[in-house]
Amino acid sequence: MAMERDKLRYRDYRGTIRSIYQREGLLGFYRGYLAALMGVTLVHGCAFFIFTKIKEWVRRNLPGYYEKWYVDFTIGVITSSGQFLAYPFDMIKKRMQGQGYLLQYGEQASMFGYRELLSKMWGEGIRSFYKGFTLNILKTPIALSTSWTVKNQLNRRLDDAYDLWLSSS
């Protein structure tokens, strides 16, 4: 990819901020923000919904297991399936953010808005929405399951009534 070339790397945070501001102005820091927001909302919304529904099922059908850490971990892995739906938003965000580089080094003639970028990516094929997905699908289940497990185990230690909300279902 053009954005991975050595001549395009920044030296430090200050240089990064200065370069983006000089090249793209204040709006350069927010390029791709809408796509990122939509993707995060979708991932975490799906994860919370899936986790809650599976946890309710475990509480009703396997009552002796719902407080076990490995059940939280397993359900956390399952919740990462929402990443498949949200990953295209991450790719759109990355492409929006990388346009400044491509424009500066002459590899792109002008900045694209969302509509133009989506059209360009669609023309490149569905794979353009999932570049790098393999690595992401390896790290996301571990991250989500660890987060759910730590959160639930900590809440159980701090509040004995933490899982009682499930019994009202």
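Glutamate 124 is partly exposed, with a relative accessible area of 38%; partly exposed covers values between the limits for buried (under 20%) and exposed (over 50%), with a 1.4 Å probe and protein chains only. The model is predicted, so local features need pLDDT of at least 70 and side-chain atom pairs count only at pLDDT 80 or more, while totals for chains, interfaces and linings use all residues. Residues are numbered from 1 along each chain as its sequence is written, and side-chain values use heavy atoms, with hydrogens and water left out.

**Salt bridges within helices**

- The structure holds nine salt bridges, a salt bridge being a side-chain nitrogen of Lys or Arg within 4 Å of a carboxyl oxygen of Asp or Glu.
- One of them joins glutamate 124 to lysine 120, with the closest N and O atoms 3.1 Å apart.
- Both glutamate 124 and lysine 120 belong to helix α5 (residues 114-124), where they are four residues apart, about one turn of the helix; helices are DSSP runs (H or I, at least four residues), as are strands (E, at least two), numbered from the N terminus.
- Lysine 120 is partly exposed, at a relative accessible area of 35%.
- Another salt bridge links the side chains of lysine 94 and aspartate 90 (3.2 Å, N to O).
- Lysine 94 and aspartate 90 are separated by about one helical turn because they are four residues apart in helix α4 (residues 83-104).
- Lysine 94 is partly exposed, with a relative accessible area of 36%.

**A buried pair**

- Glutamate 24 and arginine 31 meet through their side chains in a salt bridge (3.0 Å, N to O).
- Glutamate 24 is buried, with a relative accessible area of 16%, and arginine 31 is buried as well, at 18%.

**The nonpolar surface patch**

- Tyr13, Ile17, Tyr21, Leu26, Phe29, Tyr30, Tyr33 and Leu37 make a nonpolar surface patch of about 960 Å².
- Patches are made of residues with over 30% relative accessible area and no salt bridge; like charges are joined within 9 Å and nonpolar side chains (Val, Leu, Ile, Met, Phe, Trp, Tyr) within 5 Å.
- Accessible areas come from the Shrake-Rupley method with a 1.4 Å probe, and for residues only the protein chains shown count as cover.
- Helices α1 (13-24) and α2 (33-61) each supply at least two residues of the patch, and α1 gives the most, with three residues.
- Leucine 26 lies in the loop between α1 and α2 and is exposed, with a relative accessible area of 56%.
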